[in-house]
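Start with a charge and a ring, then move on to pairs of rings.

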Amino acid sequence: MFDGYDSCSEESTSSSSSEDSEDEVMPSIPASLPIIKNNGQVYTYPDGKAGMATCEMCGMVGVRDAFYSKTKRFCSVSCSRSYSSNSKKASILARLQGKPPTKKAKVLQKQPLMAKLAAYAQYQASQQNQAKSKAVVPAESFDWGRYICSNDTVGAPVSCFKHAPMGTCWGGIEEGVRLEVPNSDTNLSTKVYWIAEIIKLAGFKALLRYEGFDSDTSKDYWCDLCVPEVHPVGWCASSGKPLIPPKTIQHKYSNWKAVLVKRLTGAKTLPPDFNTKVQENLQFPFKKLMRVEVVDKNYLCRTRVALVEQVIGGRLRLVYEESQDGSDDFWCHMYSPLIHNIGWSRSIGHRFKRSDFTKKMEGQVDAPALHFQKVKDVDQSGDWFKDGMKIEAIDPLNLSAICVATVRKVLADGYLMIGIDGSEAVDGSDWFCYHGTSPSIYPVGFCEINNIELTPSRGYTKLPFKWFDYLRETGSIAAPVKLFTKEIPNHGFRQGMKLEAVDLMEPRLVCVATVTRIVHRLLRIHFDGWEDEYDQWVDCESPDLYPVGWCQLTGYQLQPPASQSTRDLPQSVPKQKKKAQQYKGQKKKRKIPVGRRPFSQTGRRRSSFSGDEEQSPPPYPAQGPSRPRPRPRTHLHQTHKSEPLLRMKEDPAEVDEFTFSQGTSDQESNGSGSYYIKQEP
């Protein structure tokens, strides 16, 4: 395992002695440029600006800066003069015949041709690698390591995110695991490695300490464990790479091999196929131009056909099929419950907007049904949700609130259309679809039992809100508790953990976030730097949550925490504590820090994911007396175009292809019944 250590030490010693005995004084070498050693001579890379040059007279290749004249056409004065002399033809003929240049053609930079060409090729390769890395990691990348250390926080483990790369095979990667990583604490020109220990883990990021530093933290650094430069112990020996101790501790022990053998015996390291698994996990089934059905961001009650335009880390940028310029798009994860295979809406009776777009692009194909997240099978033959049943549900247009809601339509395959009480449009255009097993719907009394603020129906004045009184006054019944899923996985999240989370009100943004509360499988996500009113309730298995370092690994842009100066809050008005059981109306508009886009602020009802002003779709079948005037709610998405937040549409209302179908079913309860609430007589 440690043969590379001895061989590299001997090589570096011989090279040093050879350099000391060299008679010719070598030019100064910039520290930033790598070095090639060949037969005792040192050759540097070109500076990248000047590059290499070829003498038009003798054909000698050299560093451009060392050539003669401003044009850098000749390697010496003699070549410049000979070019115009009578010996021009003879010199060119000699060069073509492979004869060496004359003594007069003395090149200022005395370097062998092959060494220079090798140096230049190696330099170009390094430049290309740097360009690739810059393309993956944004220029204004967020320093997670510094942020975690300065706030003394922890990152959620990768194993908490089953949908993320390596989420199911992170295994025993923990503090104390040893790795082989590049050694940056060295004066050697070649790339060498050393053993490092994981001191702290935060998602894909790890705080590493070189072996031998013990309690010395001076050379600790944060590293992404999924980069190709990180290897299990033993990789250097099998690959013929040198293991060299850092120069800071090089003389700490006289026999490093014995020290490593003693310390690494019985220590854990990465699996031998770790890097292969990383690459496999970064492959995704969805490809560009695949067709899917996705929720209409303008009308939550229906779906539309969209094309996959971009795939980043499993997140899809979908462009609606009717979009001419590609700006009418929607971001979501490939496992999102908002996307489905073509034909899904017809199969369950969900409203669907028929596309008028007839011209298909070459390469378009319907995404296979196997690519989509599966839902649990339910039995609707017995007791099941019925129209008019009351529940509590997360409002998809105001994810910080759990609201009083009603089952409006029962669809096939266990799907339900839900409406928020007091906020619905008469035509049902803001109903939204949840599956009966969705973790975003809850039985009556869930919020009271778990000390969560419940948002009552808009306009309901009998506060504090009591479910018993509300059911009696509205003549409604509560959905049976046994119909709701009570499965609580061992998700591993803890309060205060850091992660990267999608701002579902603007789903193209992934932001620095914190888990501030955990209620069974429900997580309260706070966006760092923003007020609590922008928090979101998210399920622990939501595909919109990612480990620390996910953005850097996949090349997605991470939104850093907002600074105090970027928040649109009056400094003179202190932040007021929220009052229980009180409708708060619409959120305040906020400014954009580092690319964040503002929410729309308007007094009108909002029934869409976008900032577009909605058209009135065809009405649903009558559902009894009309509801009170709906409350305004923030939208979920903004387009990329620079235009007003609200646009008036003059197009005629589209005709939906399909309407709702009815159905009933039953689902057994496997819970403890903790959702029950005491009913007052």
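Begin at arginine 304. Its side chain lies over the face of tyrosine 320, at 3.9 Å from the ring centre. Keep in mind that this is a predicted model.

A search of the whole structure finds 26 aromatic pairs. Take tryptophan 194 and tryptophan 256. Their ring centres are 5.2 Å apart and their planes stand at 90°; planes over 60 degrees apart count as edge-to-face, so this pair is edge-to-face. The two residues link distant parts of the chain, 62 residues apart. Tryptophan 194 belongs to strand S6 (residues 193-202), while tryptophan 256 belongs to helix H7 (residues 256-264).

Are these two tryptophans buried or exposed? Buried means under 20% relative accessible area. Tryptophan 194 has 0% relative accessibility, so it counts as buried. Tryptophan 256 has 1%, so it is buried as well.

Compare phenylalanine 465 and tyrosine 470. Their ring centres are 5.2 Å apart, with the planes at 50°, so this pair is tilted. Both phenylalanine 465 and tyrosine 470 are buried. Elsewhere, Trp331, Tyr546, Trp550 and Tyr556 form one aromatic cluster.

Finally, confidence. The mean pLDDT of the chain is 75, and 64% of its residues reach 70 or more. Over residues 568-607, pLDDT stays under 50; the model has 126 contacts beyond four places in sequence for them. Over residues 610-681, pLDDT also stays under 50, and here the model has 229 such contacts. Where pLDDT is low, the predicted coordinates should not be read in detail.

Conventions:
Residues are numbered from 1 along each chain as its sequence is written. This is a predicted model: local features need pLDDT of at least 70, side-chain atom pairs count only at pLDDT 80 or more; totals for chains, interfaces and linings use all residues. Side-chain values use heavy atoms; hydrogens and water are left out. pLDDT is the predictor's confidence in each residue, from 0 to 100. Contact means heavy atoms within 4.5 Å. Rings of Phe, Tyr and Trp (its six-membered ring) pair if their centres lie within 6.5 Å; planes under 30 degrees apart count as stacked, over 60 as edge-to-face and the rest as tilted. Helices (H or I, at least four residues) and strands (E, at least two) are DSSP runs, numbered from the N terminus. Buried means under 20% relative accessible area, exposed over 50%, partly exposed in between (1.4 Å probe, protein chains only). A charge sits over a ring if NZ of Lys or CZ of Arg is within 6 Å of the ring centre and within 35 degrees of the ring normal.
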